[in-house]
Amino acid sequence: MPDRVARPRRTNRDMRSRDLTSHTRNHRRRGRSQPPRKNTRAGTRQEHPPPHIPSLFDTLFFAEGAPSQSRAPLKTEETLLYEYNRQRNQPTMASSRKRCRRRSGKLNSKSRKLHLAELQAITVPQQVSQGDELLKHHLLKMLVTDLLPFSKVKDVGFRAFCRGLNPTFDPPSSALWVRTELQSVYEQIKVKLRNTLQSVPEVALTAEMWTHTSEGVYLTVSCHFIDRYWKRRNYLLETVALDSDREAGRVVEQLLKTSSDWGIAEKVKVVVSNMMSKGSMTESCEAKGWAHVRCFVCTLDIVFREALAQLDEPSWRMPQLLRKCRAIVRFFQQDRDAQRQLRANQEKLNLSPLRLVQAAAEDTWLDVGTMLQRLSEQRDAINLVLLQHVKEDLWLNDCDMEKINSVLAALQPLRDTAKEMVSDGYESLSNIIPLVDNLQKSMARLSEDGNQVAKALADVSMRRFGHAGDNRWMAVSTAMDPRFKNIMLFSSRAQTIEQKLQAELKALCPSKDASPLGFGTDEVDTILKEYKSTNTMVRDQNPLDFWRLPRGLKKLSHVAQRYLTVVSTAVPLQRAFNPEISRRVHHSRCHLEPENVNLMMFLNGHWSIENSNSPESE
């Protein structure tokens, strides 16, 4: 046998030349004109991760218009393998990569399975674990924001929807797990809020009473204050069941208990409530050393109901007309054929395809106005359907429409008032007197034109709001609002208001050089004179910005902070003047389990997606 010819030993340079020639040939086969770039420092080719292949979740997420930087794209197996190899960065891995690579540059099937199995054990569980925790966090926030019952996580459709968004996510199916997690968040926020309230000098309370469909009456208590940065803070404290007990004394006792539990009983000065309770809330609050102010929205509803009672005369019969209007809406809500015919008539008459709205039984002016407005707009389409169904008793004749138009015209000043109070949260009590003045002027003009509804509203409004200027908290807060200060400081009540401000300055801002009673009379007069000479702010501006700026009125700012803390409504304004939002919130909280009402209401006010006024955001 001939001796085997000894081949020359290949050097590293020959191996690199061979690899470069092979990959250049492969790139040309694929239609690439340039070979892979070389790392001049290491002398080896530089690898790049394969291009990202979008998954179904990527397609759904980025179709909503979300920016690509807001969420990392899902990684393919090739990308994960590349990152895994880079992290290892060991010679054994490099040699294994060379052994497993074919001339085409791909891994063979056996080695690919081995690498992916190891990758599945190390990389994927960490990513899935972090992603699951984040999804569970957002799931809890969704339940809190929409006030959904804990049993929602058991629904088949909801679980299928979650898996459709992310097939690797296994949503929790235990209501006990949801309650445990939310209880932990509740305890954390409660500790932070308690620490925040310790440094607050004074607070105002709001008490909202609402009726559960099956569990009786509930009371939601919130506190309000202005922090040192002149930002208004509103925090929900507690929601408790009253067991259908609407007694004013029982409500005040519960308010005292709640404020004592939070350590703010001595800091409460004013309570704003929407109570329609037995007994006098004012007397019950004064017995505890608190002042009571009725919610402005609730007072407007009382004015409207009392005005309707005055119009229950033979020439008007307003309550009877409202019962007829409710019957019309109820007929269309219960008869599907009538609904289809109404939509057909709306298209035929070129009317807006709007649904009829049913007013609540409590006769709130906003619900009644919305119902009558829809009936007035859709009158022709409605009467055609009533003719086909032979409903003569529900026919809207000319006399009915004349009364409806009179009510709508009289309610327009109330709508204008609501537009001026549109806000995302609460507004100060200082805007009540200016709004009432404009409301009474508008009602007087309509009364002169012969509108009987406006005349009745003007009479009741004068009786309810005529003494608003004599109320200490309303008058002084209006004087401390730079938008409306001229209304009080340059009126017939100016001397009385200045005397109250002098007393507040001497009590709240004592100085070292003054007498034991506080400021001297000359110093107080100088401060008030300087404040009266300042320019008034525009109505759309925030009055707190005036006191936030450094001025020579720092001593008077203590008085302003105390009185501007009091709010005008017991509920947020976006819910007070929006029937749709109000109905949705009421429907959601009435479907909560009784043992979870307080927990969910508290977290909804502090930890929901829409709320940014929580201690966590500080």
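## Basis

The model is predicted: local features need pLDDT of at least 70, side-chain atom pairs count only at pLDDT 80 or more, and totals for chains, interfaces and linings use all residues. Residues are numbered from 1 along each chain as its sequence is written, and side-chain values use heavy atoms, with hydrogens and water left out.

## Overall fold

The protein chain has 26 helices and 7 strands. Both are DSSP runs numbered from the N terminus: helices are H or I with at least four residues, strands are E with at least two. Of the 618 residues, 44% are buried (under 20% relative accessible area; exposed is over 50%, partly exposed in between; 1.4 Å probe, protein chains only).

The chain exposes about 34700 Å². Carbon and sulfur atoms supply 50% of that area. Areas come from the Shrake-Rupley method with a 1.4 Å probe; for residues, only the protein chains shown count as cover. Among contacts (heavy atoms within 4.5 Å) between residues at least 6 apart in sequence, 67% join residues at least 24 apart.

## Aromatic pairs

The count comes to 10 aromatic pairs. Rings of Phe, Tyr and Trp (its six-membered ring) pair if their centres lie within 6.5 Å; planes under 30 degrees apart count as stacked, over 60 as edge-to-face and the rest as tilted. W262 and F602 form a stacked pair, at 6.3 Å centre to centre with 20° between the planes. W262 lies in the loop between α8 (248-261) and β6 (268-273) and F602 in helix α26 (residues 597-606), so the pair ties together parts 340 residues apart in sequence.

Ring pairs link Y186, W262 and F602 into a cluster.

## S588 in helix α25

S588 sits in helix α25 (residues 579-590). S588 is buried, at 15% relative accessible area. Its side chain reaches the backbone oxygen of R584 at 2.9 Å. Leaving aside residues up to four places away in sequence, S588 touches D146 and L147.

## Nonpolar surface patch

L349, L384, L387 and W395 form a nonpolar patch on the surface. Together they have about 340 Å² of accessible area. Patches are made of residues with over 30% relative accessible area and no salt bridge; like charges are joined within 9 Å, nonpolar side chains (Val, Leu, Ile, Met, Phe, Trp, Tyr) within 5 Å. A salt bridge is a side-chain nitrogen of Lys or Arg within 4 Å of a carboxyl oxygen of Asp or Glu.

L349 lies in the loop between α12 (336-348) and α13 (365-377). L349 is partly exposed, with a relative accessible area of 36%.

Terms used:
A polar contact is a pair of N or O atoms within 3.5 Å; within protein, one must be able to donate a hydrogen and the other to accept it, and residues adjacent in sequence count only if both atoms are side-chain atoms.
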